[in-house]
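Please have the sequence and the structure at hand while reading.

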Amino acid sequence: MNGSEFATTYSTSYTFYGLASDTTYTLGVKGVNSYGSSSVTTTSGTTLVDVPTVPLAPDLSSLSVTSTDTTVTLSWSPSSGATSYRVILNGSYYGTTNSTYFTYTGLEPLTTYYIGVAASNTAGTSSYSPIIARTRATTLLLNNPIDVDLVSDKTRVYAFTPPSTGVYSFYTGSYGGSGTLNDTMLDLYEDDQLANQITSNDDASGNTLFSEIKRTLQGGVTYYIKLSGYETTAVHARITVTTETSSIPPLALNAPEDISASQAGDYVVYQFTPAQSGEYEFSTNYYGDSPSSPDNDTVMSVFSDYNQTDLIGYNDDMDGSLFSNVKLSLIANHTYFIMVENYAGDPIYTRLLATMKQQVSYATLGNQQSVDVSLPSYRKAYYQFTPSASGHYRFFSSPFQGQAGLNDTVLELYADAALTTLLSRNDDALDIHPYGEVYSKIDYTLTQGTTYYVVLRNYGSASLKARLTVEDDFDNTKNSATSANWDQIYLNNRISSLYDVNYYKVVVTERQKVHIGVSKNSLMLEDNQGNILGIYDQGNSDTISLSPGIYFIRAQYISPTQGVSELSVGSFTGYNFDFSGKVGSIGGSINPQSINIQAVPIQDYYGRTDVIDATPRTGNVHDFVFKYDLPHQETTIDIHMGRRNDDPIVYSMNYNIGFAAGPNSISWGGGGSKPKYTVCHALY
């Protein structure tokens, strides 16, 4: 090539490589054998013009980002054919580089940016490979103040990692250590997204515009402090973090701690780790346990976390005194934090004491079983229950040993033994309450094999004296009805409590007559469309003709004439159950709503006590009792012919007389347009 020997080949063709584009070359070839070589035969040839192609975008998986508080560095793998790379910031062109990395500068701390890189050559530029980057917060070091200048509406976020668990103070002051006041704001967060705020402060006191936050922080955990001007104020100030206490003192059980904090606005924090789960009480009292010590108006807060964001207990004044008292259920080996401060921001001068009121120990409840509970004031009963099948269950309280009497109870159902996940809570049963108006009831769907935890206590300060029962109620709706025939209903109709409702489903395949006779409790027959075909109480009987179709029978407890209930479990014996008390609470801020109430029962001609017979001139008068959470001006009472809300109304009266919060009652002595002996039911 070009007069010089280039290569040797045993073929009759040869390709020259590595040539320049758009260039003419003189090429030649000669033959060679053992006797020598021939003369060179030459020709000329010109290479084509090299037309480059647009390179591919940098591999998205190769992109990586590192950042500081004001810079972001983007790196990537080379793209074939690229001679340079273009980078963008938030959708706009930012710069060009011949390297496979680029550093963005002058960025805002703790800010998210959308960046990307494209490969370029003379043929053009590829698409951009994007990635999201976020700058870090500026590091704030202990006892190392930072002077800050920010224009109006701008903020600056700093990251602080305490070297050990203790109380730390973040505060602003004059720029450079001296100068004029600057109205600042400080906000403390758990995360760099500034989503979980711990606390904030505008003015540290009434004498300054500067800000201060004192907080217990966990060693080794990074926190974020945001500095800004108040509303539209520009920032010209200094921010500093210092140590108040390098550790949090422990509070031991039954070991009083005398607290004397001389600085106004100071507070103290103790950590308390119970060895056993149970009921605990934290209280303040006279310093040194001396009544001659001055009163100190304390405020107590109990938290379940280091950052003191999960407030689980709070009290200002206890029983008319200036001291504080908090009672809580605590978990063994979990650390809690007790903060004590003065109500008015004055120095603290008090005594703090932790005592255990009751250890938590769970007894086992069985399905369809009752336990009688008798405990002194402020004591609670703890039980665990593990259902053998999934479905609807009912927990309820009733009179102690099944005898007459009232005890105002509260029931709580939890998902865990630590009693942190409350599933349901009830004070007074919200529908009918056949055991008395102040007993409690929880209905809940439980999962087979899962253990649940039940707490029973008295509503106030009285002793606890009640019966606790758990029962399944899998067939309490038409959707969960038990498939049966007529004989099975009579053989299996066992009502487990006064709340229990059993639904049966019967499929009639041909027209038939059915004789229904009820010796105890109550049956209601309805068709698949919800039409009630008959209600049969104790002593009733009837023969009814049924067409082919699906029918439902609802069985429930009705007190027998002789006053002795026949139940399958629980030994519920004779008791004049009160149907007249609170059945629901109606708030004052809600639009008018309706609840079902029942009147004080009497026994009618047929021995039934679940109906109302207030026929004019019979002398029967019925009291309707209901409770309002807030005062109401008006109440309307409707008397219906039957048990359904859409049954005909025989009497309606609007009482515009004003009703106070709490229990109220209205009496009805008959009236309406229906004939004599009409039996009606009340719905509110």
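The points below go from the overall fold to individual salt bridges.

The structure is a predicted model, in which local features need pLDDT of at least 70 and side-chain atom pairs count only at pLDDT 80 or more, whereas totals for chains, interfaces and linings use all residues. Residues are numbered from 1 along each chain as its sequence is written, and side-chain values use heavy atoms, with hydrogens and water left out.

**Overall fold and surface**

- The protein contains 1 helix and 51 strands; these are DSSP runs numbered from the N terminus, with helices (H or I) of at least four residues and strands (E) of at least two.
- Of the 684 residues in the protein, 43% are buried. Buried means under 20% relative accessible area, exposed means over 50%, and partly exposed lies in between (1.4 Å probe, protein chains only).
- Among contacts with a separation of 6 or more, 69% are between residues 24 or more positions apart; a contact means heavy atoms within 4.5 Å.
- The accessible surface of the protein is about 34,500 Å², and 48% of this surface belongs to carbon and sulfur atoms. Accessible areas come from the Shrake-Rupley method with a 1.4 Å probe, and for residues only the protein chains shown count as cover.

- Side chains of opposite charge can pair when their charged atoms come close.
- The whole structure holds 14 salt bridges, each defined as a side-chain nitrogen of Lys or Arg within 4 Å of a carboxyl oxygen of Asp or Glu.
- One of them pairs Arg394 with Asp443, with the closest N and O atoms 3.0 Å apart. Because Arg394 lies in strand S33 (residues 391-399) and Asp443 in strand S36 (residues 441-446), this pair ties together parts that are 49 residues apart in sequence.
- Arg394 is buried at a relative accessible area of 5%, while Asp443 is partly exposed at 29%.
- Arg394 also forms a salt bridge with Glu471 (2.5 Å, N to O). Glu471 belongs to strand S38 (residues 464-472) and Arg394 to strand S33, so the pair links parts 77 residues apart in sequence. Both Arg394 and Glu471 are buried.

- Lys478 and Glu526 meet through their side chains in a salt bridge (3.0 Å, N to O). Lys478 lies in the loop between S38 and strand S39 (482-483) and Glu526 in strand S42 (residues 522-527), so this pair ties together parts 48 residues apart in sequence.
- Lys478 is partly exposed at 31% relative accessibility, whereas Glu526 is buried at 6%.
- Salt bridges with shared partners join Arg394, Lys441, Asp443, Glu471 and Asp473 into one network.
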